Amino acid sequence: MIYVRGVPFAPADSSQGMDTLIALMEHPVLVSASNSFKSMAEKKLSVSEISVQSKISKWVYIFQREFAIVDPSLVDIVGTDEATTCVGIAIRNCKSGMISVAHMDFPNVVDVGLSQMLALVADEDSDALLDVHLIGGFDDISSQHSYLAMKSQTKLEGYSYPLCAKIIETLRNRSEKFQIQTLHVLGRNTKWDSEGIAYPIFHGFVMETSTGSVIPASFDGTSRCPDEIVRRIRVTASFEDPNWDGRLLDTYDTKTDHFVIAPCAWTIQQKQIALTLQNLSDTEILLTCSSSPSAEGPDFVDNERRKWDYLIKHPDWRETFPSKQPRVFKRTADGNWTKQ
């Protein structure tokens, strides 16, 4: 069930998730909230910056197709970035303060993924409001008129619209009370250059756990941790591993405040694919490996090449996950991570 400013939201024509999405995109409260979010300065986060700010020394970073449930008594900030057609979603229990953040990439992970996210966030108190923030999923239909096309129910292509509609539809159909606070997606999160090419305004966000406030943010190579390369590889490998079909990737243990990188299997074929892709030019890599080649960050190609280097050196996934056990990282005294 969806709420806006404490009031149930049920548009007259809401048989489809797209109908509800359109109505929410036009809601004056959410339009105002999106405009306020857009006016914020993007926070750039690195380990050096985080470590000198004692108030936010403990952070949790989420990669694509991952989720984490965090306890505000253990974590200061939680966030994600690198989203183009993906959507970052944060859910916070207004009573307990428990927070769940995910980076959703395709509609097929939404149903089970939301259940995973709510495991420790939704409680038995059915009256508890769950604040929801949706950020990302820029307008990838490559037309400044695509929002009008959505309203006229023209057949839609692209990745962002189906994902956003599926998330809204699932929130609407569940029994929990979801209060939409931020809906900064699609046209609200899109800018166009002089040639009419669309780009995301923001690629990510952080939530301050003590207040529940959300701020546009980007991370760098030092703060996208721990175990960056293996976690990036899991995103691709999960499409081959039936254990992760339709599920978000388990990554973080809420109670121990440890990263527990669940094992994900990949085949020897990944080495052959990596060898082939390494021979492509940077432009060819963008066109081959991205759902939005013109909108990726400047380090996209380098990140892809580093993944392939790892797969070429470690073609057997059991080298990375011996005895099929997770890779565990605990927090150090300075707020960083070390492998157990």
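Trainee: What volume does the largest pocket have?

Mentor: Rolling a probe the size of a water molecule over the atoms shows where empty space is left. In this predicted model, the largest pocket has a volume of about 1100 Å³. A pocket is an open set of points on a 1 Å grid over the protein atoms alone, with protein on both sides within 12 Å along at least five of seven lines. Points are joined across faces, edges and corners, and the volume is the space filled by probe spheres set on them.

Trainee: Which residues lie nearest the centre of the largest pocket?

Mentor: They are Gln64, Cys289, Glu296, Phe300 and Glu304, out of 43 lining residues. A lining residue has an atom within 4 Å of a point. Helix α10 (300-313) gives the most to this lining, with six residues. Helices (H or I, at least four residues) and strands (E, at least two) are DSSP runs, numbered from the N terminus.

Trainee: How many residues of each class line the largest pocket?

Mentor: There are 19 nonpolar, 13 polar and eleven charged residues. Ala, Val, Leu, Ile, Met, Phe, Trp, Tyr, Cys and Pro count as nonpolar, Asp, Glu, Lys and Arg as charged, and the others, Gly among them, as polar.

Trainee: Which residues line the largest cavity?

Mentor: A cavity is a set of points where a 1.4 Å probe fits but cannot get out. The lining here consists of Leu21, Val87, Leu134, Cys164, Ile167, Leu183 and Val185. By class, that lining has seven nonpolar residues, no polar and no charged ones. The space inside comes to about 30 Å³.

Trainee: Is strand β8 mostly covered or mostly open, and which way do its residues point?

Mentor: In a regular strand the side chains alternate between the two faces of the sheet. In β8 (residues 99-104), six of six residues are buried, meaning under 20% relative accessible area with a 1.4 Å probe, protein chains only. Ile99, Val101 and His103 point one way, and Ser100, Ala102 and Met104 the other.

Trainee: What should I know about the numbering and the limits?

Mentor: Residues are numbered from 1 along each chain as its sequence is written, and side-chain values use heavy atoms, with hydrogens and water left out. Local features need pLDDT of at least 70 and side-chain atom pairs count only at pLDDT 80 or more, while totals for chains, interfaces and linings use all residues.

Terms used:
Buried < 20%, exposed > 50% of the residue type's maximum accessible area, 1.4 Å probe, protein only.
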